[in-house]
Amino acid sequence: MTTAVAAGLGATLLSSCGSQQLITFGDMASGYNREVAFMSIFAIALSVIIFVGVSYALFFTVNKFREDKNTAEPAQFHGNNRLEVILVVVPVIIVMFLALLTVRSMAILNPVAEQSTKIDVLGRQFWWNFSYPETTANAGGNVTNGNELIMPTKQDVALTITSGDVIHGFWAPNIGGQRAAMPANLKTWNVDTDRAGIYQGNCSQLCGGSHANMRYKVIALDQERYDTFLAAAKAYRAPEPATRSPEARGYNLFMKGKPSTGALACAACHRVQGTTAAGAAGPDLSFFGTRRTLGAGMWEAMTPEHWEAPDAKAELHAWIKHSPKVKPGSLMPTYDGSEYLVTGKKVKGGVLTDREIDDVAAYLRSLKLPEEADYWNETPVYGSTDAADNTSAQTAKTSSPTPGGNQ
Ligand code: HEC
Ligand SMILES: [Cu+2]
């Protein structure tokens, strides 16, 4: 019953071209959504009663007092105190009842338990960082991941949400309601799900040119797998590339850029755990090779070969070369000499050759968590209508549309 009501009310079936995923606050695996559904029953029931009552009264009166049936002046009840009091008191009672229900739900949902898993969420134009404040990485700093939020199932997860620039909205409907991410403002609140799976998250505030491309994935893992992920992420140090390999050349470019052409060092803006790269102006890339999304969820590498697939390689290449052409308004520099925005002004990017870009990409692809900590592996995509999407790398076949093409 609860499920039917909430699903009927709120289910929004959003489908992207390649894979289809059910994004809905009618997902009853989340305690938050169950609570909202419970409240909705009363709100909907009262609305229906009022609608039917008012409609009946209207049609009854109009019909009964039609002019062709009555010539006399209709009865006037102007100044009928009893009627006026009833018409004020009844709506007040209804509104108070609904307000009490809301307060009750807030009292249940809002308190953050001492022992809940804590994750810090930072939104920026147009990407997300998720870090684990209670988990210090062996290589220093907190365990952090860009654009992919890994959380445990069957417990409250306390998210402390903020923004590094303008107001963003954190919203992954399957695991809870939406919350504003505001600069210089930390707000903690709970999300939860009982079911391991991959869920879609989006920025829900119009925050600039690529607001609609400011997405993320929520990957909910059962406790044991979550612990495995966290332990591996904690122990992680970016692998050292073999000398004279493409990865080694990529590593050098990543750390130093190419000053002779004005190509900025990636490390100035991106962090890679276990290296000196500690930039914070762009998403954390510590285990980029394990990730399967690019451009804050704009593009997904869901084929069995993920980053090794030719189209995925092309997409990553195009991204590094000129991300603003792939993603409108991206604040990452270009590496083909074309223009990009720095605090609202157009600036020309430096230049890396295609081979150099491939080397940097090879380095990024090598940044992988150990196999057992690969959180994508065998985690079902919730509500996927494509059976192949439902299992792991072994069978998944579709990949999302290529938004900007591979220029
Ligand atoms: C001036 C800062 C800056 C520099 C320098 C920079 N980036 Fe970025 N990078 C960003 C920002 C900001 C984003 C997020 C863009 C977005 O998604 O809107 C980003 C996003 C990315 C992403 C996508 C990550 C994801 O999960 O979606 C990759 C990959 C990346 N950068 C690689 C590089 C590489 C490789 C270099 C060096 C060749 C580099 N970046 C240099 C700022 C920078
Ligand atoms: Cu946003």
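Residues are numbered from 1 along each chain as its sequence is written, while chains are lettered from A and ligands numbered from 1 in the order in which they are written. As the model is predicted, local features need pLDDT of at least 70 and side-chain atom pairs count only at pLDDT 80 or more, whereas totals for chains, interfaces and linings use all residues.

**Annotated spans.** Select residues 38-62 and then 83-103, which an unreviewed UniProt entry annotates as "transmembrane region"; such positions are given in the numbering used here, with feature names shortened, and annotations may be inferred rather than shown by experiment. Residues 38-62 are 100% helix and 0% strand, with end C-alpha atoms 37 Å apart, and residues 83-103 are likewise 100% helix and 0% strand, with end C-alpha atoms 30 Å apart. Helices (H or I, at least four residues) and strands (E, at least two) are DSSP runs, numbered from the N terminus.

**Ligand 1.** Next, select ligand 1 and the 29 residues that surround it, of which the closest are Phe126, Cys266, Cys269, Gly282 and Met332; a residue belongs here if its C-beta atom, placed from the backbone, lies within 6 Å of the molecule. Helices α6 (310-326) and α7 (354-365) each give the shell at least two residues. By class, the shell holds 20 nonpolar, 7 polar and 2 charged residues, where Ala, Val, Leu, Ile, Met, Phe, Trp, Tyr, Cys and Pro count as nonpolar, Asp, Glu, Lys and Arg as charged, and the others, Gly among them, as polar.

**The sheet.** Now colour the 5 strands of the open, mixed sheet, whose order is β6-β12-β11-β8-β9; two strands pair if DSSP finds at least two bridges between them. At the edges, β6 (148-152) and β9 (179-181) each pair on one side only. Strand β8 (residues 168-171) runs antiparallel to β9 and is joined to β9 by 3 bridges, and within β8 and β9 you can find phenylalanine 170 opposite arginine 179.

**Two helices.** Finally, select α5 (residues 246-256) with α7: these helices pack at an angle of about 100°, their axes 7 Å apart, the axes being lines fitted to C-alpha atoms over the stretch in contact, and angles running from 0 to 180 degrees between N-to-C directions. Helix α5 is therefore roughly perpendicular to α7, a term for angles of 65 to 115 degrees. The contact of α5 with α7 has 7 nonpolar, 1 polar and 5 charged residues.

Key: Parallel < 35°, antiparallel > 145°, perpendicular 65-115°, else oblique.
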